[in-house]
Each structure stands twice: as C-alpha cells, then as structure tokens.
Amino acid sequence: MNSSQFSTRIGLEDLSHYTEADYIDGDIIILDDLRELPIEGSFQTEMTFILICVEGRMQVDINGKTYKVNVHDMLVCPPNVFLDNYMISPNFNSKIIGLSYSALQRMLNVNKDIWNMMLHLVKNPVFHLDDYLLELMENYYTLLSFKLKHADDMYRKEVMHALFQAIFYDFCAILMPFMTNKNYTDSGNMKQGDLIVKKFIFLLSESQGKERSVSYFADKLCITPKYLSTVCKASSGKTALDWIHEYTIEVITQQLKYTDKTIKEICDDLNFPNLSFFGKFVKNHLGVSPKEYRKRFANTDAKGKEQS
C-alpha cells in the first residue's frame with residue numbers, strides 16, 4: 001500500500017485511551033503485550049517505538065518493506081514511519097517502550113550522530129541483541145520494574161525520564177558501529193537519495209540552526225530544493241523543511257534552557273531577521289513565547305531544587 005493512502009496515526013495519547021499500560025506519563029509508555037495496542041490495518045507512528053521480542057516471532061511491513069522479528073531481536077521505529085500487515089505467532093511475547101517525539105528531542109542534545117542514527121533506523125529497524133546488550137536491557141527492565149512498584153517516590157517522572165535517556169544513549173552506543181561500518185558509509189553501497197539525505201543532515205548539524213532555507217542546503221548539495229524535499233520525504237518520512245524546523249527549535253530550546261544569553265542574543269546568533277519574527281517562530285513550534293518558555297523551565301527547575 002502506498003504511504004499516501006495511510007490515514008491512521010498513532011501516538012502516545014491514542015495508546016493512553018486504549019491500553020492498560022505498565023507506565024504512562026504523556027511522554028513515555030511501557031507495555032508488555034503487543035495485543036493491547038489498537039492496531040488494525042495500516043498506521044503511521046507519531047512516536048519512537050521500541051519492541052524487544054522475548055518469545056515467538058513477528059512479521060511487519062515498514063515503509064513497504066517486510067521485516068521479521070525473532071527472539072532477542074529489537075525493533076526500533078522512529079516517528080513518521082508507516083506500518084502494515086503485522087502478524088505475530090500465538091506464543092509471541094514482547095517488551096514495548098514508546099517515547100513521544102518531543103520527549104526524545106528533550107532527552108537528547110543536538111548532535112549530528114543522533115540525527116543520523118534516526119535516519120539510519122528508518123532503513124534498518126531490526127537488530128539482534130547480543131549477550132551483552134541483552135543483559136544490559138534485562139538489567140534496565142529490572143530497574144524499571146522496581147521503580148514501577150514505587151509509584152509514590154519523589155521525582156518519579158524525572159527518574160523515569162533519566163532512565164530512558166540512559167537506555168537510549170546505551171542503545172546509540174551499540175548502534176554507532178553499524179553506522180560507521182564500511183558497508184554502510186561507503187557511498188557506492190547507498191542509494192543516491194539516502195546519500196543526499198545523509199549529507200543534508202550533516203550540513204544541517206553544521207549550521208547549528210543558523211540556516212533555515214531549503215534553497216541554501218539544496219545549493220550546497222547542487223540539487224533543486226524540490227528534489228531535496230522529495231528525497232527527504234521518501235527516505236525519512238519528513239520534508240527538508242520539517243527537518244530544518246525541528247533542528248532549529250531544538251537548538252533554540254537548548255539555548256533558552258541552558259545558557260545565559262538574552263533572547264535577543266539568541267535571535268541574533270541564529271540569524272533571525274528580528275525579535276518579532278523569532279518570537280513568532282518559537283510560539284508556532286512551542287506554543288509559547290521564548291520568554292514564557294524560559295520562565296516555565298526556570299520555575300520547574302527551581303521547584304525541583306526546593307524539594308531536594
């Protein structure tokens with residue numbers, strides 16, 4: 001089925017209405033049984049979806065390509081991929097983690113390796129867990145299960161988010177060798193569109209949010225803006241402008257949270273034409289003004305320090 005025909009989108013909010021989760025807080029969900037998910041027919045994810053097969057097997061089409069998931073395999077689907085025709089064996093048993101895209105952005109620093117990894121996962125979503133990674137994930141799950149039994153602990157949500165951040169970084173560390181392997185990095189073994197998107201992500205990270213024109217990056221790649229957006233959409237499920245805006249807003253939130261720069265200094269550093277334009281850009285993507293976003297973060301941080 002062509003991805004343009006998909007109409008069902010599933011995010012964490014949908015799952016919270018239809019499932020009995022082991023844990024859910026609006027950004028993170030933990031499930032033991034895939035059968036609990038409201039999956040019928042074709043759908044598109046609005047979250048990062050991590051599944052570890054404990055028993056049995058599974059088969060699923062992702063962006064039109066069929067993948068098999070066997071015992072001790074990990075399936076990782078970044079946001080905006082399309083899933084269809086999933087089948088599981090009668091004895092199928094799994095551990096499932098769902099992360100909202102906004103939570104993932106907040107957890108991870110702006111880093112071209114992380115962005116390239118997300119792009120890599122679109123094409124390579126299944127990994128077999130070796131003994132080390134399997135033991136690592138089992139230990140994480142033991143710790144998560146322990147924390148789930150203590151629902152009244154202070155800073156529970158913050159601790160859960162920190163644990164998931166650690167899990168994801170450990171996963172990234174395991175995945176990086178696959179990405180630097182000659183078979184993957186050799187441009188002769190990559191499709192032209194994928195190679196263009198990889199170069200685009202590198203240029204985007206190098207710009208550090210200071211360039212926001214599709215034309216700018218297309219010129220650097222010696223292609224047309226329309227072609228750049230087309231290959232981005234085909235390879236990652238997002239247009240070039242989607243990538244640019246998401247990367248830029250992540251740079252902005254990091255600076256609002258963790259630097260002493262004034263809002264005007266951030267505006268100037270990122271080459272926005274004026275404060276008014278900068279304010280509108282931030283409000284369109286975060287729902288609040290830069291000043292309000294910084295104030296909310298400062299208030300949250302202050303409350304945490306008071307309680308400690």
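A residue is called buried when its relative accessible area is under 20%, exposed when over 50%, and partly exposed in between (1.4 Å probe, protein chains only). By that rule, K238 is buried, at 7% relative accessibility. The close-ups below come from a predicted model, where local features need pLDDT of at least 70, side-chain atom pairs count only at pLDDT 80 or more, and totals for chains, interfaces and linings use all residues. Residues are numbered from 1 along each chain as its sequence is written, and side-chain values use heavy atoms, leaving out hydrogens and water.

**View 1. K238 and its two partners, W243 and E246.** Let's begin with the ring: the charged end of K238 sits over W243, 3.9 Å from the ring centre. (A charge sits over a ring if NZ of Lys or CZ of Arg is within 6 Å of the ring centre and within 35 degrees of the ring normal.) K238 also forms a salt bridge with E246, with the closest N and O atoms 2.9 Å apart. A salt bridge here is a side-chain nitrogen of Lys or Arg within 4 Å of a carboxyl oxygen of Asp or Glu. E246 is buried, with a relative accessible area of 18%.

**View 2. An aromatic cluster of F272, F277, F278 and F281.** Rings of Phe, Tyr and Trp (its six-membered ring) pair if their centres lie within 6.5 Å; planes under 30 degrees apart count as stacked, over 60 as edge-to-face and the rest as tilted. The F272 and F277 rings have centres 6.1 Å apart and planes at 45°, so this pair is tilted. F272 and F278 form an edge-to-face pair, 4.9 Å centre to centre with 75° between the planes. F272 is buried at 5% relative accessible area, and F278 is buried at 0%, whereas F277 is partly exposed at 45%. Look for R212 too: its charged end sits over the ring of F272, 3.7 Å from the centre.

View 3. K264 is partly exposed at 46%, as is D268 at 40%.
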